[in-house]
Amino acid sequence: MKNRLKVLRAERNWTQAELAEALDVSRQTINAIETGKFDPSLPLAFRAARLFGLRIEEIFHDDDGRTPATEIK
Amino acid sequence: MNQLRAAENGYQSRICTSSIRLLCWSGAWLAATALMRFGPKFLWNQASILTLLAIGLDVAVGVGMILANKKYVMELDELQQKVYLNALGITVGVAVIAGVPFSVMGLYHVIPFHPEIWHMLLLMGLTFMFSIAYGNWRYR
């Protein structure tokens with residue numbers, strides 16, 4: 001699963017540590033998600049979506065780059 | 001810059017508290033185990049009632065340590081829980097795979113010493129530590 005977490009974080013000038021604190025996880029977890037080594041659970045993905053004010057599929061998408069929304073279209 | 005609001009009682013702070021609690025319980029269990037092991041010989045001349053009390057204390061403190069460990073694991077975030085679970089799986093596997101041949105070697109005197117439980121505890125402890133270190137390195 002790919003994600004735009006790093007880009008979204010950079011746009012807001014947040015550090016990994018700040019994002020980790022806001023999402024109530026370790027900085028290591030944020031780094032592992034950003035580098036694609038670890039896929040977050042649904043509750044954590046929801047928390048990230050809520051924090052960025054986006055829908056989950058606008059942050060996380062399948063490895064082939066298609067989001068569920070584009071598949072429906 | 002958008003301001004981020006941290007959780008009321010932050011992750012790092014909770015983990016720090018849980019780690020200290022677990023460390024205290026582990027130390028207490030170690031002390032209770034030492035008392036149970038060496039007390040009868042060096043402190044109370046093998047008086048049965050005191051030995052039973054020491055065993056009871058060791059079990060009670062052991063239960064406290066287990067609960068503290070459970071609380072610590074529940075406080076970990078999902079990645080840390082995954083690392084912990086992997087390490088536990090490897091540790092149990094190594095204990096089973098190594099434990100049986102080790103006891104057989106002792107039984108047929110292939111090794112020049114008698115296998116003791118602390119050999120297994122040492123192996124499990126080292127395996128768990130290396131597995132945690134590997135997991136943290138893998139997801140660093």
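Chain B falls into domain 1 (11-75) and domain 2 (77-140), with bounds taken from an automatic or database domain assignment. Taken over C-alpha atoms, the centres of domain 1 and domain 2 of chain B are 21 Å apart. This is a predicted model, in which local features need pLDDT of at least 70, side-chain atom pairs count only at pLDDT 80 or more, and totals for chains, interfaces and linings use all residues. Residues are numbered from 1 along each chain as its sequence is written, while chains are lettered from A and ligands numbered from 1 in the order in which they are written.

**Build of chain B**
- Chain B has 4 helices and 0 strands, where helices (H or I, at least four residues) and strands (E, at least two) are DSSP runs numbered from the N terminus.
- The C-alpha trace of chain B spans about 70 × 40 × 15 Å along its principal axes.

**Where the chains meet**
- Chain A brings 16 residues to the contact and chain B brings 14 residues; two residues are in contact if their C-beta atoms, placed from the backbone, lie within 7 Å.
- On the chain A side, α2 (16-23) and α3 (27-34) each supply at least two residues.

**Nonpolar cores**
- The largest nonpolar core has 16 residues, and those with the most contacts inside it are L19(A), A20(A), L23(A), V25(A) and I30(A).
- Such a core is a set of buried Ala, Val, Leu, Ile, Met, Phe, Trp, Tyr and Cys residues joined through C-beta atoms within 7 Å; buried means that 20 or more other C-beta atoms, placed from the backbone, lie within 10 Å of a residue's own.

Conventions
Buried ≥ 20, exposed ≤ 12 C-beta atoms within 10 Å, placed from the backbone.
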